[in-house]
Amino acid sequence: MRQRFYIGLVASAIVAFALFGSAAAETRVPPTTPLVGARAVKADGKLSARLAMLARAPSLRAASAIDQAQALSTAPAGPGSLVRDAQGRLLAEIRSDDLSPAYQQALRAAGADITHISERYATIAAYLDPARLTEIEALAATQSVQEALAPIVGHAGYASPAGPASTCPQGTAVSEGDTQLRAALARSNYSLTGTGVQVGVLSDSFNDNLGASADVTSGDLPGATNTCGYTTPVNVLYESTTTDEGRAMAQIVHDLAPAATLSFATANGGQVAFGDHIRALKAAGASVIVDDVIYFAEPYFQDGIPAVAISDTVRTGALYFTAATNVNVIVGGNNVASNEAPAYRPTSCRAGVTDPSCHNFNPSGGTQNSLDFTLASGYAVRVVLQWAEPWYGVTTDLDAYLTNDAGTVLVSSLNNNPGTTQQPFEYMYYGNSSGVPVNLHVSVSRYSGAATPRLKVVLFTNCNCGLSNVSPATSAGGDIVGPTIMGHTSNRDAFSVAAAPYNDDNNPEGYSARGPAAHYFGPVVNTTPAAAIPTETIQQPDFTATDGGCNTFFGGFSSGCYRFYGTSAAAPHAAAIAALLKQKANALGKPLSRGTAQMILQTSARAMSGGNLNSVGAGLLDANAAVAKLINTKWLYLPAILR
């Protein structure tokens with residue numbers, strides 16, 4: 001079955017660069033003056049705060065996409081923006097205990113275009129007419145309606161000198177990761193090509209821009225016109241509209257494991273669709289799966305919907321690889337992209353924030369009622385706040401504000417978390433188009449409730465740049481500054497892959513996410529709140545692979561070579577190495593379990609002098625050493641119960 005998921009209008013034009021593209025792309029930021037007549041309000045109905053504003057303000061619905069984004073504290077395009085179809089309808093996730101045909105028909109009668117239904121999570125994903133949101137809200141069976149923000153993809157594009165050209169078996173553009181990770185050596189030494197293994201890829205889109213046929217003809221992808229003998233076409237289960245980053249990932253897999261068959265499914269369409277597409281790839285025969293997408297609302301303190309799908313596929317025999325994401329920021333030698341406190345510490349609020357109390361970011365007895373930083377002109381920041389309460393069991397209502405030195409609230413996020421979303425999640429976006437650096441302050445307020453949950457604020461930028469003067473800048477007194485492994489990239493069953501440049505074996509990319517992560521609740525398996533668990537520390541990333549390698553079309557272009565940077569490029573390199581291992585394990589007549597694969601890949605990885613466990617995991621993958629270890633290890637031959 002083929003389905004198409006839209007990220008349309010403004011977002012489709014610049015989605016690739018809005019978070020992880022070139023610095024120049026981030027100059028496309030919204031005005032700093034809010035739309036006249038629009039202001040953030042606390043919504044108490046079934047609609048999220050943003051959807052409630054759209055539903056109740058015709059002038060806001062009539063405004064431009066950029067003005068809407070400013071009023072709603074969302075990105076104007078790309079990750080963190082509102083997702084629209086070609087008709088201008090917004091992608092939302094509707095929660096309801098009644099998913100009957102009658103309720104679905106009532107939604108359609110109110111203008112909804114249903115794209116996905118999850119009985120497990122009592123959720124319907126649909127494109128909704130902003131002018132008819134109140135009709136959806138008025139349906140008795142509707143419990144909540146929340147916008148599905150465009151997800152993050154782990155791409156960072158920069159131009160570099162040209163790489164090698166080739167013909168068979170890998171095509172005209174071959175990633176240098178083939179040599180750096182010693183996959184070419186493994187293929188030569190052990191006669192491996194990935195034969196008999198299917199690798200499933202999840203990203204934004206595969207062939208929306210209609211370049212796949214040329215890639216097949218040039219030998220860079222398998223298909224009917226591939227002259228190198230790899231004639232099985234990529235099986236596209238679910239397509240979407242954006243940048244075809246999934247095709248660039250598939251090229252990397254083909255470079256290292258040219259005989260592996262390939263399948264693709266979009267991760268667009270919301271978290272429930274993403275999770276089900278992971279399962280669909282496994283059902284279609286993929287035994288190795290890789291993604292480079294993460295949703296902002298994926299929970300930090302428990303496994304969420306995509307993570308549960310990953311665990312489901314791994315437990316049925318797949319190996320799963322995920323991009324660690326590009327969210328690290330280094331200032332003064334410190335990783336400063338996150339701030340996590342063991343408890344909400346109430347204190348007075350900054351000027352402009354009128355809630356009863358705000359979080360004290362100083363754990364040592366003093367008072368600092370905001371997370372402070374300077375944002376350079378032409379850059380943007382996306383701010384996510386989450387706290388340790390389980391999905392569907394939220395009792396505390398925390399809000400997020402971004403103010404300037406004058407006490408003006410620039411943007412905010414004010415969801416009714418206990419009553420509407422049932423997610424401990426707030427998100428806001430700010431772009432600095434002022435021409436000068438701006439001092440900014442993130443305030444976390446407690447609107448209602450008496451609990452003091454653990455909380456975490458993450459600052460997302462488009463690269464390891466744009467931010468300075470971050471305070472607090474170091475961990476102290478139980479507060480943790482820096483780690484940004486999160487969402488399904490912190491799932492224990494997945495392999496989280498960090499990135500290193502194709503021409504540097506010792507240092508990770510500055511933007512590659514740092515670990516570790518910690519979980520405090522069981523996974524989100526359905527709509528029943530998960531129970532608390534003993535603190536589970538997840539030490540990831542697991543290992544590191546190449547980014548910046550050559551491909552035919554994606555990323556920065558220079559001297560005939562496109563360079564694909566980011567953990568999005570690293571993850572498919574790792575997946576391709578797993579395909580080579582799978583082929584060898586199959587030839588030996590023994591299954592390659594997740595535990596055995598972890599032992600082999602981590603113990604054969606090369607140490608990186610410029611990294612540590614939190615930045616590079618076990619080190620740089622080495623395909624040749626991994627295959628040798630697989631052949632010689634005795635773990636492979638133990639009974640399954642001991643693996």
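Reader: Where in the chain does Pro 472 lie?

Author: Helices (H or I, at least four residues) and strands (E, at least two) are DSSP runs, numbered from the N terminus. Residues are numbered from 1 along each chain as its sequence is written, and side-chain values use heavy atoms, leaving out hydrogens and water. This is a predicted model, in which local features need pLDDT of at least 70 and side-chain atom pairs count only at pLDDT 80 or more, while totals for chains, interfaces and linings use all residues. The place of Pro 472 is the loop between strand 25 (467-471) and strand 26.

Reader: Is the peptide bond from Ser 471 to Pro 472 cis or trans?

Author: The angle to look at is omega, which is near 0° for the bond from Ser 471 to Pro 472. The bond from Gly 515 to Pro 516 also has omega near 0°, and Pro 516 is in the loop between strand 27 and strand 28. The bond from Ser 471 to Pro 472 is cis.

Reader: How many helices and strands does the protein chain have?

Author: The protein chain has 643 residues, and 65% of them are buried. Its secondary structure comes to 17 helices and 33 strands.

Reader: Is Thr 325 buried or exposed?

Author: Thr 325 has a positive phi of about 80° although it is not a glycine, and the residue sits in the loop between strand 12 (319-323) and strand 13 (330-331). Buried means under 20% relative accessible area, exposed over 50%, and partly exposed in between (1.4 Å probe, protein chains only). Because its relative accessibility is 4%, Thr 325 counts as buried.

Reader: And Asn 469, buried or exposed?

Author: Asn 469 is in strand 25. Its phi is near 55°, a positive value in a residue other than glycine. With a relative accessible area of 53%, Asn 469 is exposed.

Reader: How many salt bridges are there?

Author: Side chains of opposite charge can pair when their charged atoms come close. A salt bridge is a side-chain nitrogen of Lys or Arg within 4 Å of a carboxyl oxygen of Asp or Glu. Counted by this rule, the total is 20 salt bridges.

Reader: With which residue does Arg 50 form a salt bridge?

Author: The closest N and O atoms of the pair are 3.3 Å apart. The partners come from distant parts of the chain, 97 residues apart: Arg 50 is in helix 2 (residues 49-56), and the other residue is in strand 5 (residues 144-147).

Reader: What is the volume of the largest cavity?

Author: Rolling a probe the size of a water molecule over the atoms shows where empty space is left. On a 1 Å grid over the protein atoms alone, a cavity is a set of points where a 1.4 Å probe fits but cannot get out, and a pocket is an open set with protein on both sides within 12 Å along at least five of seven lines; lining residues have an atom within 4 Å of a point. Grid points are joined across faces, edges and corners, and a volume is the space filled by probe spheres set on the points. The structure holds eight cavities of 30 Å³ or more, and the largest has a volume of about 290 Å³.

Reader: Which of its lining residues lie nearest the centre of the largest cavity?

Author: The lining has 22 residues, and strand 2 (90-95), strand 5 and helix 11 are the elements that give two or more of them. Ala, Val, Leu, Ile, Met, Phe, Trp, Tyr, Cys and Pro count as nonpolar, Asp, Glu, Lys and Arg as charged, and the others, Gly among them, as polar. The lining divides into 11 nonpolar, eight polar and three charged residues. Nearest the centre lie Glu 93, Gln 146, Gln 271, Trp 391 and Gln 423.
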